[in-house]
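Hi there,

Here is the structure I promised to pass on to you. Have a look at it first, and my notes follow below.

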Amino acid sequence: MARRLHSEIEIEASPDRVWETLTDFAAYPDWNPFIVQGAGQPVPGSRLELQMRLPGRRPMTFRPEVLEATRARRLRWLGHLLVPGLFDGEHSFTVDPMGADRVRLTQQEEFRGLLVPLLLAFIGKPTQEGFHQMNQALKTRVERPSHTEATQ
């Protein structure tokens, strides 16, 4: 059983600026309402440590493996609940250039495993809302002028 959640947003920023913000996991507490803490490097085969807070719920920590990290283009990881095959989530962020300093960011997760129908009944809607909140917060963060640009 597989199910996909998906959210996208257009952002007025370069692919590099979006990528740098997205992969600066240590700065997540400063801006990210969905993944509220993060550590690790966007390197295939490495593990991230991420703390997710679904809207209206307590935070939970997960340690997904990075599957793909193509600079300014795509970040993809895979996480499991307890053991592989019960409830697996393959999460991805795709940055599509749409012209000079404009991108479409697509965030999605494909859930697979025996517990997908049961668990998504409880977390599907808040997870979708978390995607929207994170996308909007990322847009706000990267579209605002940096301190050095604002003082010039």
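Let me begin with T94, which lies in strand β7. Please keep in mind that this is a predicted model. T94 has a relative accessible area of 13%, so it counts as buried, the cut-off being under 20%. Its side chain makes a polar contact of 2.6 Å with the side chain of R74. Setting aside residues up to four places away in sequence, T94 touches R73 and R74, and also R104, L105 and T106.

Next comes R76, which is placed in strand β6. The side chains of R76 and E90 are joined by a polar contact of 2.9 Å. Beyond its neighbours within four places in sequence, R76 is in contact with E65, V66, L67 and E68, as well as with E90, H91 and S92.

Finally, a word on the loop between β6 (74-80) and β7 (88-97), where V83 lies. Together with L81 and L82, V83 makes a nonpolar surface patch of about 300 Å².

Enjoy browsing, and do write back with your thoughts.

Best wishes

How values were computed
Residues numbered from 1 in each chain as written. Predicted model: local features only at pLDDT ≥ 70, side-chain atom pairs only at ≥ 80, totals over all residues. Heavy atoms only, no water. Patch = residues over 30% accessible without salt bridge, like charges linked within 9 Å, V, L, I, M, F, W, Y side chains within 5 Å. Areas by Shrake-Rupley, 256 points an atom, 1.4 Å probe, with all protein chains shown as cover. Salt bridge = Lys/Arg side-chain N within 4 Å of Asp/Glu carboxyl O. Helix = DSSP H or I, 4+ residues; strand = E, 2+ residues; numbered from the N terminus. Polar contact = N/O pair within 3.5 Å; in protein donor to acceptor, adjacent residues only side chain to side chain. Contact = heavy atoms within 4.5 Å. Buried < 20%, exposed > 50% of the residue type's maximum accessible area, 1.4 Å probe, protein only.
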